Amino acid sequence: MKRTLLVLLLTFGCGLSSFAQEIIGLGVELSPLSLKPNYRNWMSRTTGFEVFGGIASELEEFRPNDAEAGLKVFHTLIYRRTNRIYIGAVGKWKWLNINTPERSASLPVTGILVGSEWYLRRIYRKGFAVELGYQVGTKDYEIFSKVTGETLGKTTFEEFPLILNLRYSFYKKKKKYFFY
């Protein structure tokens, strides 16, 4: 059983490096409520991931004073040399800063998305992407009195459910190593 698992893992690992477009990129992503620098890695033509972190805002109060960080995992549906259409899953953690000590919270957010990415031929190794999707994140937290310490009430924070991201990236081809 262990040998079979090892052979499957080695086959999958070697298969990832056999595709044509293995690129890594640094970029900036803009959405209606956030601005995030990110790192995207297309391990193969069909599989990729992205790590991001940045500042965000709440829907009720538009002040970019919250922080968020997360991970996206992608699978390419349609691939051409200059563009691709992909689906993905998003998992992120959001830290809410509500500017009062008695009101703060953090929550996990999950979602799914569909994206399209274009590589420009005239501008070498630069790309644009648009992502649309749906995300869910809800957190109930209590508000305490500063003086007595007792509970004053309960508040619910809901993450904005629509994912609408515009992204600009600088890409670099991966180097091939003998053991990779």
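Residue D140 lies in strand β8, which spans residues 138–144; strands are DSSP runs of E of at least two residues, numbered from the N terminus. The model is predicted, so local features need pLDDT of at least 70 and side-chain atom pairs count only at pLDDT 80 or more, while totals for chains, interfaces and linings use all residues. Residues are numbered from 1 along each chain as its sequence is written, and side-chain values use heavy atoms, with hydrogens and water left out.

D140 counts as partly exposed because its relative accessibility is 46%, the class between buried (under 20%) and exposed (over 50%), computed with a 1.4 Å probe on protein chains only. Leaving aside residues up to four places away in sequence, D140 touches K154, T155 and T156, where contact means heavy atoms within 4.5 Å. The C-alpha atoms of D140 and L107 are 9.4 Å apart, with a sequence separation of 33 residues.

The structure holds one cavity of 30 Å³ or more. A cavity is a set of points on a 1 Å grid over the protein atoms alone where a 1.4 Å probe fits but cannot get out, and lining residues have an atom within 4 Å of a point. Points are joined across faces, edges and corners, and the volume is the space filled by probe spheres set on them. The largest cavity has a volume of about 170 Å³. Its lining comprises 20 residues, with S31, K36, K92, Q135 and L162 nearest the centre. Strand β10 provides the largest share of this lining, four residues.

How values were computed
On a 1 Å grid over the protein atoms alone, a cavity is a set of points where a 1.4 Å probe fits but cannot get out, and a pocket is an open set with protein on both sides within 12 Å along at least five of seven lines; lining residues have an atom within 4 Å of a point.
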